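Subject: Structure handover

Hello,

I am passing on the structure we spoke about.

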Amino acid sequence: MKFGKRLKKQIQESFPEWRDNYLSYKEMKKLVKLISGSPMFMNGSLEYGKGEAEFVYLLNNEIEKFNGFFMEKEEDFIILHEPSKVDYKEEMAKIRRIIVDFHGEMVLLVNYSNINYTGLAKILKKYDKRTGGLLRLPFIQKVLEQPFFTTDLISKLVKECERIIDNVFPAEEEKAEKAKETKEAIIVVGEGIFRNTVSALLTMQEIRKGSSTESPFSLPPLSFPDSDLIRSLQLNAAVPIV
């Protein structure tokens with residue numbers, strides 16, 4: 001699947017309030033096609049024409065958009081993380097659903113970072129190819145320092161959330177409810193955040209795996225092994241309907 005279609009699908013499957021915060025890939029792609037095929041030089045230095053200047057302006061606006069959205073969500077999750085340290089033994093099923101939803105939304109935020117970075121790298125590649133310029137390298141170096149690209153804290157919260165689930169819901173309880181959960185998981189996994197989380201994990205796995213088009217600007221392989229990916233899917237699928 002081409003990146004543009006994958007991004008469109010991801011946006012359609014995301015939460016309504018997230019949709020306007022993804023990369024304006026289609027708009028940027030149109031701008032690239034309107035830009036002159038070669039860069040302008042004056043007094044030995046690279047000068048941007050009107051199209052190039054508009055493209056760079058849009059790039060900077062997109063990064064500001066990503067940072068604003070990402071930092072707002074990150075703050076929300078940090079605040080929400082504190083109430084998650086309560087006594088989970090009461091109303092077990094309700095708390096379990098809340099934790100798993102929390103886990104799923106954080107996975108979606110990591111995917112938001114991944115797919116927007118990948119989109120920037122691809123559109124900059126098209127720009128450089130079209131103009132013969134070298135905008136991609138300095139701009140990606142700038143992107144690597146942006147808050148929306150730094151997912152270490154959210155990834156840490158995802159792992160901690162998984163540890164909480166392990167501690168609160170021991171294997172003995174899960175074994176006793178296995179038959180019931182297996183039946184109900186078939187229904188749950190196709191709904192809402194569960195479906196979106198599965199889609200996000202598969203998207204991350206696809207865009208971060210090695211390929212013939214891999215470059216220094218590609219995201220590294222997923223920071224957690226496939227077994228953990230499968231575990232994440234199980235965490236979402238193994239929650240009975242309350």
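This is a predicted model: local features need pLDDT of at least 70, side-chain atom pairs count only at pLDDT 80 or more; totals for chains, interfaces and linings use all residues.

The chain contains ten helices and two strands, and their order along the sequence is α-α-β-β-α-α-α-α-α-α-α-α. It has 242 residues, of which 45% count as buried. Among contacts with a separation of 6 or more, 82% are between residues 24 or more positions apart. The accessible surface is about 13,600 Å², and carbon and sulfur atoms hold 56% of that.

Helices α1 (3-13), α2 (25-34) and α4 (92-131) each contribute at least two residues to the positive patch. K30, for example, is part of helix α2 and is exposed, with a relative accessible area of 52%.

There are two salt bridges in the structure. One joins E13 and K9, with 2.8 Å between the closest N and O atoms. These two residues are four apart in helix α1, so about one helical turn separates E13 from K9. E13 is partly exposed at 23% relative accessibility, and K9 is partly exposed at 36%.

The other joins E62 and K65, where the closest N and O atoms are 3.1 Å apart. Both lie in helix α3 (residues 50-81), three residues apart, or about one turn of the helix. E62 has 4% relative accessibility and therefore counts as buried, the cut-off being under 20%.

Regards

How values were computed: Residues are numbered from 1 along each chain as its sequence is written. Side-chain values use heavy atoms; hydrogens and water are left out. Buried means under 20% relative accessible area, exposed over 50%, partly exposed in between (1.4 Å probe, protein chains only). Contact means heavy atoms within 4.5 Å. Accessible areas come from the Shrake-Rupley method with a 1.4 Å probe; for residues, only the protein chains shown count as cover. A salt bridge is a side-chain nitrogen of Lys or Arg within 4 Å of a carboxyl oxygen of Asp or Glu.
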